[in-house]
Amino acid sequence: MKSFLFVAHDPGGANVIKPVIEYYADRSEIQSHLLLLGPAAERIQPTSPFVQYHSLRTITTPDFPNELSAEPEDIAAILDTIKPHVVFTATSFNSNLERLTLRFANDRAIPTFSILDFWSNYQKRFTFEGIVAPPRILFVADERMKREAEVELPTTTVIISGNPHLASIAAKYADVRSARTQSRHRQECHIRFFCENIKHYYPEKPVNEFTVIPKLLQSLKQSGFQGEFLIRPHPMESREPWQEVIEQENAGLTSLRLDTATFDDVLRDECLAVGCSSMVLLETASVGIPTFSYQISVPDDYFWLPFEEYGIVRLREEAEITTLVKQSIQTSTLPSRSSTQPLAIIDRILRQTVDSHDIL
C-alpha cells in the first residue's frame with residue numbers, strides 16, 4: 001500500500017483540496033494521511049479505514065490570531081515517521097503548515113504537489129522566512145492562473161486541472177437550481193454580501209468591506225430595495241465588528257443582519273450574491289446564483305478574480321445598483337466550461353509522477 005500525505009489549513013485551500021482527499025479516502029490501494037489545522041480540520045473529515053489523521057502542536061500565527069501554525073520539528077517528525085510516497089498540500093496564505101511541509105518533503109526527495117485556489121501571490125504562498133520552497137507540480141484552475149504561476153515559479157511544473165471544488169458543487173446543486181429556475185414561484189429578493197477580510201489581511205488598502213457596505217446600502221435604499229440584506233463574514237474574521245455596522249446602518253431596510261445559514265442552504269437559496277473578490281463568488285456563480293462584484297470607484301487592478309470568465313458581473317457605476325435590485329431570481333447564463341473532470345487529471349498526474357520515481 002502506498003501512502004499519500006495531505007496537508008491544509010485555510011478555508012479556501014480546504015475547499016479545493018477536499019474533493020481530492022475524499023477521492024483517495026476510498027481507494028484501498030492508498031493509505032491517506034491527513035495533517036489538517038484550523039478550518040481544514042473542521043471541513044475535511046472523511047471516515048475510512050484507509051484514512052489516518054495526525055496531530056501536532058500548534059502555535060498562533062504571528063499577526064494573525066485566528067490562524068494556526070505548527071512547530072517545525074513536529075512536521076519533520078511526521079514526515080520521517082510516515083515516509084509518504086506523495087505530499088499534496090493546499091496553499092495557506094499565512095500559516096506555516098503547508099510551506100514547511102513542502103520544504104521538508106523536498107529536502108527528503110518526496111514528490112510534492114499543491115493545488116491553488118486563488119489568482120495571486122504565487123511565490124509568496126511557498127515562501128517562509130525568506131526561503132522559497134514550491135512543489136514539484138502545481139495544479140491550477142485555468143490558463144490565466146497557469147501563466148501567472150509559471151512566471152513566479154519557474155522551477156515548478158504547472159498543470160491546469162480545473163477547480164475540483166467548483167466542479168463538485170456545480171454538479172451537486174445542478175438539479176436544485178434547475179428546479180428553482182423552472183418554478184413559477186419567486187420568493188422575496190434578498191441579497192447576501194460575502195466578506196473576505198480585506199481590512200485584516202490588507203490594512204493598507206483603502207477599499208474593504210467596511211468601506212463598501214455603507215455605500216452599497218445607501219445605493220440600495222436610494223434604489224428602493226425593500227428586501228433582506230445579509231452580511232456573511234469571512235470564516236477567519238470576528239463577527240463582533242459587523243454587529244456595530246448593523247446597528248449603525250439598519251435604518252431604512254426591511255432587514256439587515258448577519259447571515260447564519262449553512263453554506264449548503266446558501267447554495268440552495270434564491271438570492272443575489274454580492275462581494276468584492278471573495279472566492280465564494282466563484283462558488284455562487286458556479287451553481288447559478290446571480291453574482292456581482294462591487295467595484296464602484298475601485299481601480300481595475302485592485303482585485304484578482306477572473307470575473308467575466310466565471311459569470312460574475314462587475315458593478316462599476318451607481319446606476320448599476322438599480323439593475324441589481326431589479327434582477328429577477330433566475331439561474332445565471334454561465335460561460336461553457338470544460339467537461340474534463342479535475343479529479344481524473346490530478347489522479348493521472350500523481351500516478352504518472354509516482355511511477356516515474358519507481359514507487360508504485
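This is a predicted model: local features need pLDDT of at least 70, side-chain atom pairs count only at pLDDT 80 or more; totals for chains, interfaces and linings use all residues.
Colleague: What radius of gyration does the protein chain have?

Modeller: Compare two values. A compact globule of 360 residues would have a radius of gyration near 21 Å, and the protein chain has 21 Å, so the two agree. Along its principal axes, the C-alpha trace spans about 65 × 45 × 40 Å. Look at the contacts too. Take those between residues at least 6 apart in sequence: 67% of them join residues at least 24 apart.

Colleague: In what order do the strands of the open sheet stand?

Modeller: The general idea comes before the case. Strands of a sheet pair through backbone hydrogen bonds, and they do so either parallel or antiparallel. Here seven strands form an open sheet, with parallel pairing, in the order S3-S2-S1-S6-S7-S10-S11. Strand S3 (51-54) and strand S11 (157-160) are at the edges. Each has a single partner strand, so one side of each has no neighbour in the sheet. Neighbouring strands of the sheet are turned by 20 degrees against each other on average, direction ignored.

Colleague: How many bridges join S2 to S3?

Modeller: Four bridges link strand S2 (residues 30-36) with S3, and the two run parallel.

Colleague: Now S7. Which residues of S7 lie on each side?

Modeller: In strand S7 (residues 112-115), Thr112 and Ser114 are on one side, with Phe113 and Ile115 on the other. These four are all buried, and both faces of S7 are covered.

Colleague: Which strands pair with S7?

Modeller: Strand S6 (residues 86-89) pairs with S7 in the parallel sense over three bridges. There, Val87 has Thr112 as its bridge partner. Strand S10 (residues 137-140) also pairs with S7 in the parallel sense, over three bridges. In that pairing, Phe113 stands opposite Ile137.

Colleague: What do S6, H4 and S7 make together?

Modeller: A right-handed β-α-β unit. Helix H4 lies across strand S1 (2-8), S2, S6 and S7, and runs at about 145 degrees to S1.

Colleague: Why is H4 called largely enclosed?

Modeller: Recall how a helix turns. An α-helix has 3.6 residues a turn, so residues three or four places apart point the same way. Now count the buried residues. H4 (residues 97-107) has 11 residues and nine are buried, so the rest of the structure largely encloses H4. Among those buried are Leu97, Glu98, Arg99 and Phe104. Just after H4, Ala109 takes a positive phi of about 60 degrees.

Colleague: One last residue. Is His234 buried or exposed?

Modeller: Buried. The relative accessible area of His234 is 15%, and the cut-off for buried is under 20%. His234 lies in the loop between strand S13 (228-232) and helix H10 (240-249).

Colleague: Which residues does His234 touch?

Modeller: Leave out residues up to four places away in sequence, and His234 touches Pro11, Cys195, Glu196, Asn197 and Tyr201.

Notes:
Residues are numbered from 1 along each chain as its sequence is written. Side-chain values use heavy atoms; hydrogens and water are left out. Buried means under 20% relative accessible area, exposed over 50%, partly exposed in between (1.4 Å probe, protein chains only). Two strands pair if DSSP finds at least two bridges between them. A crossover is right-handed if, with the strands pointing away from the viewer, the path from the first strand over the helix to the second runs clockwise. Axes are lines fitted to C-alpha atoms, for helices over the stretch in contact, and angles run from 0 to 180 degrees between N-to-C directions. Contact means heavy atoms within 4.5 Å. The radius of gyration is taken over C-alpha atoms; the globule rule is 2.2 Å times the number of residues to the power 0.38.
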